[in-house]
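Please look at the structure shown here and read the briefing that follows beside it. The points are grouped by topic, so that each can be checked against the model in turn.

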Amino acid sequence: MAVDQEDFTYRGRLVHLVHTRQFTRRLAEDIFDVADRARRLNTSRPGSAYLKESLVGRLALLYFVQPSTRTFLSFHAAASLLGMSTAEVRSREISSEMKGESALDSVRTFAMYHDLIIIRYPEPGFSEQCARFFLDNDLRRHVINGGSGKDDHPTQALLDLYTLHREFYSRGGIDGKRILLVGDLARGRAARSLLQLLARYEGVRLDLVSPPQVKLGDDMMSLSRKAFEDVRESEHIEDFLQDADAVYMTRVQSEYDPHIEVPESAIDSYGLTPARVATLKADAVIMHPLPRRSEIPTILDRDPRSRYWDQVENGMWARVALIAHILGSDSRIMSA
Amino acid sequence: MAVDQEDFTYRGRLVHLVHTRQFTRRLAEDIFDVADRARRLNTSRPGSAYLKESLVGRLALLYFVQPSTRTFLSFHAAASLLGMSTAEVRSREISSEMKGESALDSVRTFAMYHDLIIIRYPEPGFSEQCARFFLDNDLRRHVINGGSGKDDHPTQALLDLYTLHREFYSRGGIDGKRILLVGDLARGRAARSLLQLLARYEGVRLDLVSPPQVKLGDDMMSLSRKAFEDVRESEHIEDFLQDADAVYMTRVQSEYDPHIEVPESAIDSYGLTPARVATLKADAVIMHPLPRRSEIPTILDRDPRSRYWDQVENGMWARVALIAHILGSDSRIMSA
Amino acid sequence: MAVDQEDFTYRGRLVHLVHTRQFTRRLAEDIFDVADRARRLNTSRPGSAYLKESLVGRLALLYFVQPSTRTFLSFHAAASLLGMSTAEVRSREISSEMKGESALDSVRTFAMYHDLIIIRYPEPGFSEQCARFFLDNDLRRHVINGGSGKDDHPTQALLDLYTLHREFYSRGGIDGKRILLVGDLARGRAARSLLQLLARYEGVRLDLVSPPQVKLGDDMMSLSRKAFEDVRESEHIEDFLQDADAVYMTRVQSEYDPHIEVPESAIDSYGLTPARVATLKADAVIMHPLPRRSEIPTILDRDPRSRYWDQVENGMWARVALIAHILGSDSRIMSA
């Protein structure tokens, strides 16, 4: 199979999903169409049954040796809705490794039983290593990177883009919108991955607010200055809130890099409050990859502009569509 | 949705099951009819296939952060027989909570992926808190209390009542029967929950035998004196065995309250033995919520009056019917 | 049900699989036919769907309280392909046992929810104990021994035989072939179990190579001298490699018996290398039950004679066929 070694694609279809950068705008939007169709199908029993025949007899392994309940459950639900049987491995302290087996031998064994392996792994680069290993050995199995360590988290980026796509669908799309990213932009992979996908659109304007300790890195900043129409930075959220079409909030991710301390007062300087949100446009949307801390108080859950719970649901459907795309049942869903 | 905030019902149907007291006699007996029908359906392949289409495309989460293998497996089997996909969370030491997420944010996330959340949780009141949270936020998801700590265990009560219902079906029903409850009546929630449901019937007579350290509490005793035709108490099982239509045995539950010590000799004074069982009526039934200790020796498993293993199977079917009722596929099963 | 108490069969069909010796040649080959048919069925969507209706509404429990990821996943995939719902118990530190329940009471509870219990347990003999317990109590449930401690591992033997059966199918079958067993023959249950099944064939010739510390035991050796046409022994793999039709490699299993030390240099004396493999016949096959250590370097994975990854896949299909046989859906698969 002449798979593109850089993009992991075969005739325009993803064989493995390892990096956010694999999503072209065209590919992402095709997947969004499948996601929209699948969620509509699932509103009726015959539609659910049709959806559930998509991948009958196909098996998925959730190889999540780095703990992650929410991403795990989202992929589990997505695979189940398509009729896949799912198995899980959630700990590396397993007998085979104690018996001296290599990580790639373990994964090859898993691949003999499963068509798709969704990987969350503490070491960066492992998803890519598996994908290359499968190609090198002509194993016709599929890998999806479920987000690994400080590594890339491509399905988070996909669901964030899907949420923006849905919100702006009847308002001219994402092109030309002003997006405000807030919080831990140094370490939060969600915001950084989303930036990569927003760069596929025309005329997007970017505002950035973060405490000085966790500003967007220089590399991402210079990329952003090239990719976006306008890039502004501040430490005070009030400077940009009134202009935003979408506010993408993130929490301070102290678990990845505990030696950078961000004082609580810094969180106060960028966290949303009812007073701050009052300055937001009526049709703006508030997003957050969750889990949250204090940067969005629960009182804002009822604000009609809040979309972070929709993001969770969108994530499941984006993953349904991604799996269907990779395993080749997307056209069947689109023709339902 | 105008859900009754006290009973968690909508147009006579349970939306959430939190408390044993939510079961009216009518509601319980409707559920028993569905349970009977579902188990008959499952005796043939077409019937099994029909049953398994009941909730195709619907997802259940078993949120069992308090260990319980038997209740877990019973619910898991029940949801599977109805065609639901099931996921599980069996530990609270998960990444999101380490990242500072609140318990209700976690549950709301789970609710975005699942139609039904079955909860077993160490703190009492959590199922109710979730049910109210879902109603307050208009989240059209369902909660079932899978038994939490010393809290209420409504599906155990339901399966016990279902067992009595089946046993006495052709003998005039539960009304007027004499029920003997034996063992740890102070802490055993199974016996106490069953009492609440037996109180829905007419002319039930109640006998109680327990060691002095673990007698039925004053509150339950005064309720029982009102609800039942006749209530008798003793420390010696021989006093009542010959009169019983059903003997409901329980073990001393030292794991919940280790500072109450019940000596082994006390267990001898109420445990069943072949000699004691010889005095039992030929058509009486012996029940136990299991697990057991020495209060029922295994030799009695072959006694034709023993029903504790049937209770286990009845529990699975009662849960099938309950899930079908809450998720609205009961009428489809009844019309099969 | 008049089940044969020695063979756990009823009218020629396995009711429980506990021991490798239960497989007659006829029975094993019938199962291989089902395995071949099932894997062909699964190459098309309608075939997959047909296969997945085989055991709809039937439930399997994977009771794997001894860790084993690969055997677990193989059985999990097999049961799923047949449409069974699967549940798992992977730890004995569960609430019921803490509450004083006996192991047989726990298993009986599991049996009320599941048609099939696949058991991997640290103590030898537990699968057999469960099988006898089910027969004694007329519980119409099924047990499969998933490999326990140093005990018998009958499905490993079945998949190894299935691999030889497939390889030699168009070359006169297993009868008369020369099989070379290499490595830890004292403790490796895979090789010892395979010997039992090879003894069902005519004129098989056996070569054995192992370090002196872990030679085949005297009991197995005297059985082998009776069962096989010719038995030869050496400490040097070069002595026999050029004659072999199949080379069955095993690793030194130090985890089972840590006080027997086998020096690394001994592994060098029997491990495969490209130079050694060059002496092997062109149509010989190289097998290994996996996991491997250094006795087969990964460079040999591309050797056209290597079959150890096929064994993994054959294992899943052999288990599909075994489950179908035990639960009585094999004839439906054969008539597809």
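In this predicted model, strand S7 of chain B (residues 178–182) runs parallel to strand S10 of chain B (residues 246–249), and 4 bridges join the two strands. Within this pairing, B:Leu180 of S7(B) stands opposite B:Val247 in S10(B).

**Strand S7 of chain B and its surroundings**

- S7(B) also pairs with strand S8 of chain B (residues 205–209), again in the parallel sense, and this pairing extends over 5 bridges.
- One of the residue pairs in this arrangement is formed by B:Val182, whose bridge partner in S8(B) is B:Val209.
- Because 5 of the 5 residues of S7(B) are buried, the strand is largely enclosed by the rest of the structure.

**How chains A and B are related**

- Chain B can be laid on chain A by a turn of 120 degrees with a shift of 0.0 Å along the axis, and the RMSD of this superposition is 0.0 Å.
- The two copies are therefore related as by a three-fold rotation axis.
- In chain B, the C-alpha nearest this axis belongs to B:Ser85, and it lies 5.3 Å from the axis.

**The side of chain B that touches chain A**

- Here 20 residues of chain B are in contact with 25 residues of chain A.
- Strand S4 (85–89), helix H4 (95–98) and helix H5 (103–113) of chain B each supply at least two residues of this side, and H5(B) gives the most, with 6 residues.
- Sorted by class, this side of chain B has 9 nonpolar, 6 polar and 5 charged residues.

**The side of chain B that touches chain C**

- Here 25 residues of chain B are in contact with 20 residues of chain C.
- Helix H2 (45–52), helix H3 (69–81) and helix H12 (308–326) of chain B each supply at least two residues of this side, and the largest share, 8 residues, comes from H3(B).
- Sorted by class, this side of chain B has 11 nonpolar, 7 polar and 7 charged residues.

**A proline in a loop of chain C**

- C:Pro211 is placed in the loop between strand S8 (205–209) and helix H9 (218–227) of chain C.
- Since a residue counts as buried if 20 or more other C-beta atoms lie within 10 Å of its own, C:Pro211, with 20 other C-beta atoms within 10 Å, is buried.
- When its neighbours within four places in sequence are left aside, C:Pro211 is in contact with C:Glu235, C:Val262, C:Ala266, C:Ser269 and C:Tyr270.
- From C:Pro211 to C:Val277 the separation is 66 residues in sequence and 19 Å in space, taken from C-alpha to C-alpha.

**Confidence of the prediction**

- For chain A the mean pLDDT is 93, and 96% of the residues of this chain reach 70 or more.
- The model as a whole scores ipTM 0.93 and pTM 0.96.

Definitions and conventions. Residues numbered from 1 in each chain as written. Chains lettered and ligands numbered in written order. Predicted model: local features only at pLDDT ≥ 70, side-chain atom pairs only at ≥ 80, totals over all residues. Buried ≥ 20, exposed ≤ 12 C-beta atoms within 10 Å, placed from the backbone. Pairing = 2+ DSSP bridges. pLDDT = per-residue confidence, 0-100. Least-squares fit on C-alpha atoms with pLDDT ≥ 70 in both. Contact = placed C-beta atoms within 7 Å. Nonpolar A, V, L, I, M, F, W, Y, C, P; charged D, E, K, R; others polar.
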